[in-house]
Amino acid sequence: MGTVSTEAWVLHGATRPREQAQLIRETYTFPDITPNEVLVKPLYGCLEANMLHACQRAPVDICRERNEDTVVVGNAGVVVIERVGSAVTRVHEGETCIVFGNGVWDEQGYPIKIMGYDAPGTMGVLAKSMKLHEQQLIRIPAGTSHSLQQWAAFSLRYISAWANWRVAYECWQSQMRGVPPEQTIVCAWGGGVSFAQLALASRLGCRTMMVCSNPERMKLLRQAGIESIDRTQFGGDDFETEFLEAIAQRTDGKGVSIFIDNIGTPVHQITLKALARQGVVTTCGWKLGMRTHVARAIECLNRHIHVHTHYARYEEGLDAVRFAEEQAWMPPPADEVWTWDEIPAMFREYAEGRITSYFPIFAINA
Ligand SMILES: NC(=O)c1ccc[n+]([C@@H]2O[C@H](COP(=O)([O-])OP(=O)(O)OC[C@H]3O[C@@H](n4cnc5c(N)ncnc54)[C@H](OP(=O)(O)O)[C@@H]3O)[C@@H](O)[C@H]2O)c1
């Protein structure tokens, strides 16, 4: 079988323990497509927390886990198809698609590993040319009213949000069937997945609120009809007490019906205390730490349901794309697009919390 060579921002394995990875621009060579694979040209990508987790080699060192010296990361973006393998039926040459990041899936279609991240032998969009399995692509609806940059932002965070919301809301309803959406209060800590999920909850008629630390994000939340809770207004030591008082005030003392917590360790205890009886805490992420402590008796007594999901099944991706186009459930248009050359700088700014947008977009071949 032949090979394909392309320019890429490549992550290398660690030479010393706990060494952070730098992305290195170099020629990357990969095996040519197999019958079920597709060769594509990535146009835009969206910077995702997992790309930073990969560079930080935490919680896992993906080069070591994959037993590969080099990895090209990046599992959110828009690509145009250049060549398809002989057995490919779902997509065709010339079509524009979003990347669907399911790398290795179980017999029900749920992801075990993610492409361009921990799935061995896969590559991401930080390359001028890349290959994927046909089931890692979803066609962008013809005549879409949204930009390719918006679709790039949609591809991972919105599909994760769609799949997590479905389980969380069904769990809430399993104990609270008679409670209509307008009496269901959905709250979230910051982040792009949370924003997408609250925008979905709003469309259903739920009351939504989001924790935030930045005036521009607060403006975006207002425009999206989501109440903002400015976390900078709460005192350092008394953060928990003051935050819980604010939640009690906003919910008439009842607490939050569904709390989206993709932050993890430093806030999880607060999340649980903010929940209503029969409340659901739901997560697909661990931005600031994956280990949490749970007082099981209290969670049982309060009948709290804990939901954990990881990305989505292919059919959920198709449903999410269809719904997005019909209902204009989309990330906001990008104010800024980083160039190919600026990618390492974008990573640095994101790591330092200096990017305001929930969806940092970069151009690859656009
Ligand atoms: N499993 C999956 O399918 C999946 C898919 C996508 C993402 N994820 C994971 O989900 C997590 C969140 O991802 P994301 O893309 O939504 O996040 P993100 O867009 O990178 O945003 C993180 C947010 O964290 C908030 N934040 C930072 N420090 C905080 C603190 N000390 N307390 C409270 N909030 C704080 C910030 O909001 P403010 O400063 O405005 O409050 C920021 O907007 C990541 O770990 C990611 O890897 C998982």
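Trainee: Where do I start? How many helices and strands are in the chain?

Mentor: Start with the inventory. The chain of this predicted model has 10 helices and 18 strands.

Trainee: What share of the residues is buried?

Mentor: Buried residues make up 43% of the 366 in the chain. Look at contacts too. Of the contacts with a separation of 6 or more, 69% are between residues 24 or more positions apart.

Trainee: Which domains does the assignment give?

Mentor: The assignment gives domain 1 (3-139 + 334-363) and domain 2 (157-308). Domain 1 is written as two segments. The C-alpha centres of the two domains lie 30 Å apart.

Trainee: How many residues make the contact between domain 1 and domain 2?

Mentor: Five residues of domain 1 are in contact with 10 residues of domain 2. On the domain 1 side, four are nonpolar, one is polar and none is charged.

Trainee: Now the ligand. Why does it lie between the domains?

Mentor: Check who supplies the shell. Domain 1 and domain 2 both give residues to the shell around the ligand, so the ligand lies between them. In total, 30 residues surround the ligand. The closest are Ala49, Gly190, Gly191, Ser213 and Gly285.

Trainee: Which elements supply at least two residues of that shell?

Mentor: Helix H1 (49-56), helix H3 (148-175), helix H4 (192-204) and strand S12 (207-212) each do. By class, the shell has 14 nonpolar, 12 polar and four charged residues.

Trainee: How do I read a sheet?

Mentor: Begin with the general idea. Strands of a sheet pair through backbone hydrogen bonds, in a parallel or an antiparallel way. Then take a case. Here three strands form an open sheet in the order S2-S1-S4, with antiparallel pairing. Strand S2 (23-31) and strand S4 (70-71) are the edges, each pairing on one side only.

Trainee: How many bridges join S1 to S4?

Mentor: Two bridges join strand S1 (residues 3-12) to S4. In that part of the model, His12 stands opposite Thr70 of S4.

Trainee: Take one residue. Is Thr282 buried or exposed?

Mentor: Count the C-beta neighbours. Thr282 has 26 other C-beta atoms within 10 Å, so Thr282 is buried. Thr282 sits in strand S15 (residues 275-283). Beyond its neighbours within four places in sequence, Thr282 is in contact with Asn164, Ala168, Ile258, Ile260 and Val307.

Trainee: And Ile226: where is its place in the chain?

Mentor: Ile226 is in the loop between helix H5 (215-223) and strand S13 (227-230). Ile226 has 23 C-beta neighbours inside 10 Å, so Ile226 counts as buried. Residues touching Ile226 include Leu198, Ser202 and Thr208, once those up to four places away in sequence are left out.

Trainee: How do I read backbone angles?

Mentor: Most residues other than glycine have a negative phi, and most peptide bonds are trans. Then look for exceptions. A cis peptide bond joins Ala58 and Pro59, with omega about 5°. Pro59 is in the loop between H1 and helix H2 (62-66).

Trainee: Which residues other than glycine have a positive phi?

Mentor: Gln278 and Tyr311 are among them. Phi of Gln278 is near 65°, and phi of Tyr311 is about 45°. Gln278 lies in strand S15. With 17 C-beta neighbours inside 10 Å, Gln278 counts as partly exposed. Tyr311 lies in the loop between strand S16 (305-308) and helix H9 (314-327). With 22 C-beta neighbours inside 10 Å, Tyr311 counts as buried.

How values were computed:
Residues numbered from 1 in each chain as written. Predicted model: local features only at pLDDT ≥ 70, side-chain atom pairs only at ≥ 80, totals over all residues. Near = placed C-beta within 6 Å. Helix = DSSP H or I, 4+ residues; strand = E, 2+ residues; numbered from the N terminus. Nonpolar A, V, L, I, M, F, W, Y, C, P; charged D, E, K, R; others polar. Domains from an automatic or database assignment. Buried ≥ 20, exposed ≤ 12 C-beta atoms within 10 Å, placed from the backbone. Contact = placed C-beta atoms within 7 Å. Pairing = 2+ DSSP bridges.
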